Amino acid sequence: MNTSTEATQTLSTTTDEAADVPATVARLNATFATGRTKPLSWRKAQLRALRRLLVEQQGVFTAALHSDLGKNATEVHTTEIGFTINEIDHTLRHMDRWLRPRRVPVPLGLRPARARTVREPLGTVLIISPWNYPLQLALSPLVGAIAAGNCAVVKPSELAPATSAALAHWLPRTLDPRAVAVTEGGIPETTALLEQRFDHIFYTGNGTVGRIVMTAAARHLTPVTLELGGKSPVVVEPGTDLATAARRIAWGKFMNAGQTCVAPDYVLAIGDTATAIEPHLTTAIREMYGTDPAKSPDYGRIINERHFDRLTALLTDGRIVTGGDHDRADRYLAPTVLADVDPSAPVMREEIFGPLLPIVRVPDLDAAIAFITARDKPLALYAFTPSPATKRRLTNETSSGALSFGAPNTHPAIPGLPFGGVGESGMGGYHGEHSINRFSHTKSVLDKPLHFDTLRLAYPPFTPRKSRLLRRFL
């Protein structure tokens, strides 16, 4: 995912905010040591306060997201504000059960004893969020961190400055400032944060910076969650309802101007579907954004000129079926479909992360599976097929962060499903109870009474009788 900090290496820290980082982390560590964040009442109060903030200040956040990315208010609600509210509601509804100690059976040879697992918060965590969904991807991990009982530092992306400023203003005024802090800035501030010892680092962004995060975390043996990206393919098989498939693919691809980590990256079309789907994609784009998407209030903009230039350089990598229009001053790039794309073309080498949809033709399902498995494991794999056998084969013969049949971009909205990648697309999943797992330590607790010492069987010296009993029961 081409997100978060633009740099490929850390630099020296120079700003005032970077200089304040050690004091901020020390303050949060001191708060955690008091036990302030551990009571369930505190955690629930913080989540309810965060929910009120999103409801009461939705106009502020909507304006900020429109300023940064040209997002439509409805898209802001469905993919940012409403998405996060649903995550909060789901967590509040179930967290008592999720956090309840769980009994574990004790083997016969160790009885009498009681065993259970207890989830305990990790401590102070760092959340580094990206620019493409700068509200949701800052706050959704924060929901899990708070629900698990942690203190947290949130580092919004400097590439979405309006949203970053809104978070920096409102979070300290809404949540407990002794437990939650926001650090704005770019490379110096991120570098300063990564120099500190955290109990967990949660990073959403690209693999290059992900490696920097892992290297910094390794110095303190800090566990990390990396939500990255990759080229998520869409397999389209003969016999599919191509009109419906095209609408769903176009919706998933071109929301947020294609700047979505789980967006379909390219269509892997089997046989004649490569040609047959072209007019359906053209029609779907026109139905959603009109004949001139530049005038559509529902179509976003590229985050900055650097990404705009990177994307427009890829327009020659295939035959333009529809789209291709662009305006650098407005950071506008039309929803574009490319056909007759060579698998070795530049547009197929890295995650596109923009409104370009290449179509690659393959002869059959075997070739499609070989194409997918020969490349890095994607964050998501999508398929449109009427065949149960094809669904079984894709499930069993491919590896991806998620696999979805018939609908791209929708699985992250199901809080019971873990969201995360595998291999180059990331490590660790979150949402719902999976966020509690991510930001907690599951501690084993054993309670064995002293009044009946069955462990004497395990004490030396080992007589023949003891040995027989030990072999039988342990």
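Asn 409 is found in the loop between strand E16 (403–405) and strand E17 (426–427), where helices (H or I, at least four residues) and strands (E, at least two) are DSSP runs numbered from the N terminus. The model is predicted, so that local features need pLDDT of at least 70 and side-chain atom pairs count only at pLDDT 80 or more, whereas totals for chains, interfaces and linings use all residues. Residues are numbered from 1 along each chain as its sequence is written, and side-chain values use heavy atoms, with hydrogens and water left out.

Phi of Asn 409 is near 70 degrees, a positive value in a residue other than glycine. Asn 409 is buried, with a relative accessible area of 11%; buried denotes under 20% relative accessible area, exposed over 50%, and partly exposed the range in between (1.4 Å probe, protein chains only). A positive phi also occurs at Asn 256, near 55 degrees, in the loop between helix H9 (242–254) and strand E9 (266–270), and Asn 256 is buried as well, with a relative accessible area of 2%. Most residues other than glycine have a negative phi, and most peptide bonds are trans. Cis peptide bonds are found from Arg 111 to Pro 112, with omega about 0 degrees, and from Pro 460 to Pro 461, with omega near 0 degrees. Pro 112 lies in the loop between strand E1 (102–104) and strand E2 (114–121), while Pro 461 is placed in the loop between strand E18 (440–447) and helix H16 (464–473).

Asn 409 also belongs to the lining of the second largest pocket, which comprises 21 residues, with Phe 83, Gln 136, Val 262, Asn 409 and Pro 412 lying nearest the centre. The elements that give two or more residues to this lining are H4 and H5, and the largest share, three residues, comes from H4. By residue class, the lining divides into twelve nonpolar, nine polar and no charged residues, where Ala, Val, Leu, Ile, Met, Phe, Trp, Tyr, Cys and Pro count as nonpolar, Asp, Glu, Lys and Arg as charged, and the others, Gly among them, as polar. A pocket is an open set of points on a 1 Å grid over the protein atoms alone, where a 1.4 Å probe fits, with protein on both sides within 12 Å along at least five of seven lines; lining residues have an atom within 4 Å of a point.

Thr 79 lies in helix H4 (residues 73–99) and is buried, with a relative accessible area of 13%. A polar atom of the Thr 79 side chain lies 2.7 Å from the backbone oxygen of Glu 75. Apart from neighbours within four places in sequence, Thr 79 is in contact (heavy atoms within 4.5 Å) with Lys 71, Tyr 133, Gln 136 and Met 255.

Residues up to four places away in sequence aside, Val 213 touches Ile 128, Leu 194, Ile 201, Tyr 203, Val 224 and Leu 226.

Technical notes:
Polar contact = N/O pair within 3.5 Å; in protein donor to acceptor, adjacent residues only side chain to side chain.
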